[in-house]
Amino acid sequence: MTETIAGWPDRLYDSFKRAGIRQVGYVPDAGHARLIDRCRADPDIRDVVLTTEEEGVALAAGAWLGGERAVLLMQSSGVGNCINMLSLARTCRFPLLMVITMRGEWQEFNPWQEPMGSIVEPVLKLCEAEIFRARKPDEVEGVAERALQSVFGDERIAAVILSQELIGKKVWTK
Amino acid sequence: MSLERRAAMAALLAGRDDNLLVVPGLGSTAWDLAAAGDNDRNFYLWGAMGGAAMIGLGLALAQPKRRVAVITGDGEMLMGLGALATIGIQRPDNLAVIVFDNGVYCETGMQPSATQSGADLLKVAGACGIATCVDVRDEAGLADLAGRLKSLRGTLFARVPIEANEPPRVLPERDGVVLKQRFRTALGLKA
C-alpha cells in the first residue's frame, strides 16, 4: 500500500508511541510541522522547543539518565550545530535518535542550504551515527522502526534522514 | 563579596539526601563536586561544554519526584545561554540551575568571561521566565540556597559569586559509560 504524502508524519508519531518516547526536543522545521503538532497534542509526550539543536542532544542524555526515552527533531542545517555535543552521546553511549528533514539536496531554491545539506550523512557517520534514510512515504515507518530498535535496543546513535523529495518542494512565492 | 568555591559547594550539598541529583558543568565545578564527596547520583561532565543545564532539564522532566541541581560555571553557562530560554518555557518544579560566577575561565588561564564585563546571568534567567532568581551575596545567602535545594518548588536559578582561584583538582571517575550506569542504577533503573 502506498502512503499518502500527508500520512508519513503520523507513521513517525505512531512509531514514537510504540517505542515509549516521552520527550521530543525540536528546533521547528516546516517538514516536521505535522509531527510536532502531534507530539504537542499528546499529554504523555513532553515537547521541548530548543533554541539550538545541540540542546536536544543534552536533553536526550538527561532524559535517559532519568529513565525516559527522548528523540530529537531537526532540519539538516541543525546537524552541524550538534557535532561537539554528540561527544556526550558517544563517550557515555547514550541512546540518541535524530530525525532529520533534508534541505539542499532536491529542487532547493536556497543555495545557502547546500553546504550543510551536502555533508549531513558523512558528518553523522564520522560521529558514529547509523543512517536510516527514507526517500518515499511508504518507507518511513519501516525506517523509523529499524532506527528506534537500533537506538534503544542497542544503545546506539542513529539518524532517520527524511529526503527532501519526500517532504516536498518549499513554496517561495505566494 | 566572593565565596570560596569548595566551601560553597560543600555548604550547598551538606546533608544531601538520595533524592538530590547533581549535574556539574565541565571543568572546575566538576572538581568542586568531587571534592564535596563522590556520589552515584552525580553525573560529572568531562566534556559537553554548554550542555549541563539541558542535561538537567531532561533529567528533571524524567524524574519529577526527585530534585535536580545543575551546578556550573559562568563560562559553561554562557556557552549554552539559550538553555535558559528553553528552561524558561518548561519550568519544571524540581530543577535548580546554580552558576558559580567568578567572571573568568579559570581552567584555561583566568581569561575574563562576559560576566566580568556586565553580562548579568540573573537578569537573563529572569527575563527568560524563570520566576525565582536568587542572588547569593554571602554565607547567609548560601545557607538559604542550600535550604531551598532541600525542597524545590518551581524552577530556580541562582548566581553564587566565587573567588577567581583554582584549588587543587579533585578528579572524579571519567569513564562516561560507568558514570551513566552507576547513576541509573542508583535511581533503580536498568543499567
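Predicted model: local features only at pLDDT ≥ 70, side-chain atom pairs only at ≥ 80, totals over all residues.
1. Overall make-up of chain B. The chain contains 8 helices and 7 strands. Its radius of gyration is 15 Å, close to the 16 Å that the globule rule gives for 191 residues, so chain B is as compact as a globular protein of that length. Along the principal axes, the C-alpha atoms of chain B fill a box of roughly 45 × 35 × 30 Å.

2. Burial and contacts within chain B. Of the 191 residues in chain B, 49% are buried. Among contacts in this chain with a separation of 6 or more, 74% are between residues 24 or more positions apart.

3. The interface. On the chain B side, 27 residues are in contact with 26 residues of chain A. Three helices of chain B, α3 (52–62), α5 (82–90) and α8 (176–186), each supply at least two residues of the side that touches chain A. The most comes from α3(B), with 8 residues. By class, this side of chain B has 16 nonpolar, 9 polar and 2 charged residues.

4. The nonpolar core. The largest nonpolar core has 119 residues. The residues with the most contacts inside this core are V57(A), A61(A), L97(A), I100(A) and V160(A). The helix α3(B) gives the most to the core, with 9 residues.

5. Surroundings of V57(A). Leaving aside neighbours within four places in sequence, V57(A) is in contact with L72(A), C82(A), M85(A), L86(A), L88(A), A89(A) and L96(A).

Notes: Residues numbered from 1 in each chain as written. Chains lettered and ligands numbered in written order. Contact = placed C-beta atoms within 7 Å. Helix = DSSP H or I, 4+ residues; strand = E, 2+ residues; numbered from the N terminus. Nonpolar A, V, L, I, M, F, W, Y, C, P; charged D, E, K, R; others polar. Rg over C-alpha atoms; globule rule 2.2 N^0.38 Å. Buried ≥ 20, exposed ≤ 12 C-beta atoms within 10 Å, placed from the backbone. Core = buried A, V, L, I, M, F, W, Y, C linked by C-beta atoms within 7 Å.
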